[in-house]
Amino acid sequence: MDAYRKLNLITGWLSFAIALTVYFLTLEPTVSLWDCGEFIASSYKLQVGHPPGAPLFMLIGRVFSLFASDTGQVAKMINAVSALASAFTILFLFWTITHLLRKIYIKSDTDLKTENLLIIFGSGFVGAMALTFSDTFWFSAVEGEVYATSSLFTALVFWAILKWENVADEPHANRWLILIAYLIGLSIGVHLLNLLAIPAIVLVYYFRKYEVTGKGVVYAIVISAVILLLIMYGVIPGLIRVATWFENFFTNRVGLHFNTGLVIYVTLLTGAVIFGIYFTQFRKENSLWNTVLVSLMVIMIGYSSYAVIVIRSLASPPMNENRPENVYALLSYLNREQYGDRPLMRGHLYNATIKNVEYKKPVYTLDKENNRYEIAYRKPELVFEGNKVLLPRMYSRESSHKQAYSEFGTIKDIDHPTYADNLEFLFRYQIGHMYLRYFMWNFVGRQNDTQGHGNILEGNWLSGINFIDEARLGNQRNLPERMRNHPSRNTYYFLPLIIGLIGLFFHLDRSVKDFWVIMSLFILTGIAIVIYLNQTPYQPRERDYAYAGSFYAFAVWIGFGVAGIYNLIKSFIPPRVAASLAFLVALFGAPVLMGAQNWDDHDRSGRYTARDFARNYLNSCKEDAILYTVGDNDTFPLWYVQDVEGVRPDVRIVNMMLFNTDWYIEQMKWKNYESEPLPISLPFSKYRDGINNSIYVRENERWATVNYIISWIKSEDPRTKLSLRTGERVDYIPTHKIIIPVDTLKVVENGTVSPRFADRVVNEIRLVLTPNDQIMKGNIAQLDIFANNYWERPIYFTSGGFDGSLGLENYYQLEGLAYRVVPIRSEYNRYIDISPIDTDILYDNLMNKFQWGRMNEPDVLLDYYTIRTFSVIRFRSIYTRLALALLEEGEKEKAIEVLDRCMELAPDHVLPYDRYISGITIPLNQQESIHLDGVIEAYYKCGEMEKANAVLREYYQILVEEANYYNTLKPRLRENVQRELYEAIAQIEDMGVLLQQYGQRDLMLELGIE
């Protein structure tokens, strides 16, 4: 057995080394999109990120960041946490598979045959490598997010229960159970996904300790569910909820300083558990209770990482989301209350009639001045008519979601869906589209990395076997080159799935108990998460990362596939040959194939685009600017480069989603780095939680200055209040027409407006809000800033057309990636950007300052979300508009230089051609339209006919190829791509007009355009 242990260790660490090498080679060297920037920034400075937080990950990241040679390497070090955690996950997966197969093949020393060892270690290696190269797991392994570390905890606790299984009859075997409890407690500080391993752990315990019966299995499942629910709802929020009772009593009634009650509670709780452990350790009949209490204690010790959240919140770091500095705020933080509620087991469908609004649950806030917790307001709860249904899936009342419900179902009456329609949405969208599609990505193949919402061209699973794929997705033999050779088009021909199914049935046949243990893990980390999340349509991003545990479980069966294949062929050929052949077939059929297919689109080693996007956003701003952002990808990377790399510490980043909270507005009144406090004059009492969350805008044709509006809101005069039916008097805005005064001399002198445009400056900016409607708390704070800024600090927005832009788009000036608010009126169109530009500023930014993350280097692949970010900023449009503006100013050479730079950075193979190449025409009404020239027309206007023709020829051929492909589809599938077909045809026609307009008769003949 010593030889077995040695081989097990060596082969396991070999799997670890291969995985770690792969992940280090493909690691993103800096920040990624989405939450990564926030996690890295919060780790580096121990700040408070979004609910429910990840304090343990934050601490681990902080330790790794200490090894960075400079701030530019911090992100890489924290990304390495994920790589290392993922490699350790692979190690424990290997040892899990070998443990399970050893129980089947090695009963005694006489079974240590070469073929048996080859099957056991070959299975472990194949399963481990299959997960190593799987799509979802690999993606999470190379960026600074929590999911890789969460997977490690899942793998570790599952491996630990198998180690306990080996020594369960020994005197001190329960130490493994205590270790598992501690790891579960620690994992809470990373992500709650690890808790879903608890039912599998309980089943292992039951199968090892008791004689198996049907009733016993049911009891084990029930007990596991109780343990899971106790930790999820009893320990995690429950301990904190009890702490609020102590805190409220000792603060409000006894009069002690806030958080004193918390200290007393923690002391009493810890003392009680310690006493229980001491009392039960000397009596054998109490050994179970002793284990339970010790387990509870170590869970609490692991969970105590959340103390870091409170401690750091009290230190008021720049990032302090939800400001959980007291137990009430911490409870809200843990419960993710800012994200709202969703029905889980029972609720109403979207068409239910609202009967009433009830205000029940109190929301407490801390009044530090008076050292009291007060009820700020009571949460509104909608009361619906009719009975609740089981598993309400179609509950969202958003109009876009209502449309999606019909797209993913066969609803006959959209206003009156049936319960059958509800279940159809569950199976077709939530299970089919949002889980099984991801499962097939990982073990069958993936069409591309475009986010899919049901379109046959985007984000579907794909096998590579034409007749199967064509039945769902249409003709696959005549695909356009852009689709056929896309790096993220990965096909595995069902081989990993088939090998996994062979392993699954082999496992079921040879070890029923262990099979159901793995199956429970597979279901709970897959389908059960689908039920729990109850996702609405049109998620902002793909959610496959949530199901990594399920893919981990299936990788176990892919490993077992080696044993399954061996079992099928061992009767026909010698055992050693059969074992070697089974290993090679599974090795090349799963991990080798998956690695070869996935490498190019998972290699992020040269990508710096997210970091440079963030830098460019900040460097678009003048000194001491205020920059309003909208979502994740124009906020989190900016936080990273400012907090970690120290880029533009003078710019104040204001996220408009967070600006609707009192804690965030309050933080904007602090000085951060080199940014002075924002000029917000409203007292806290006017925007605290529950006060002016939204404010009514009265219709009134009289104009009022923004200063008058803010004075009106600040006033306590009863005449400035609006009486509600409840008798409550609330603030409101007395007119929907608001004036922001302009000091015309000052805006020119301080550089807000270039002297060249001084004659275009208006005396006032006029805002027209929607009358008889409401604006949010963040909008009130924005108006306050405009009232008190007096054109001192530059104000920028990352985009327009959203609630936070206040209708200021007519006063936007493009100066880079951000729009500056200037007192020059222009026309705004929500579809195309026609805001004025200052050519001096924009030219300097685009040609001298901005970097684009090596986007055009051959070793860099821009994934879908990066490309989508380029689309959001209208990358080519910025360059084209600058070139045309320079041309109007007589700077032809500069204009050509700008266009050349655009095409150098973004040829089609880097950033797929779009309407900003050919030009965009938007109809305003039946008689009028607005046109935005594309790159091709800009080249024509500059007299660069050959360059224009080269781009046009290339794009024309792409469009023709795509249009021809769409027309080969069967009518049923062609309906699914009507928008793409019409778009291609429209652009082809536009190119014909361009060629005719600029006299390019030869090219028209070459392309066959009449």
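**Cavities in the predicted model**

The lining of the second largest cavity is made up of nine nonpolar, four polar and three charged residues. The model described here is predicted. Rolling a probe the size of a water molecule over the atoms shows where empty space is left.

Second largest cavity

- Two or more lining residues come from each of α25 (636–643), β8 (652–655) and α26 (662–668).
- With four residues, α26 gives the most to the lining of the second largest cavity.

Largest cavity

- A set of 17 residues lines the largest cavity, and F139, R446, D449, D863 and Y865 lie nearest its centre.
- Helices α6 (135–141) and α23 (575–602) each supply at least two residues of this lining.
- The element that gives the most to the lining of the largest cavity is α6, which contributes four residues.

- In the largest cavity, ten of the lining residues are charged, four are polar and three are nonpolar.
- In the second largest cavity, the lining has nine nonpolar residues, with four polar and three charged ones.

Conventions:
Residues numbered from 1 in each chain as written. Predicted model: local features only at pLDDT ≥ 70, side-chain atom pairs only at ≥ 80, totals over all residues. Heavy atoms only, no water. 1 Å grid on protein atoms, 1.4 Å probe; cavity = no way out; pocket = protein on both sides within 12 Å on 5 of 7 lines; lining within 4 Å. Nonpolar A, V, L, I, M, F, W, Y, C, P; charged D, E, K, R; others polar.
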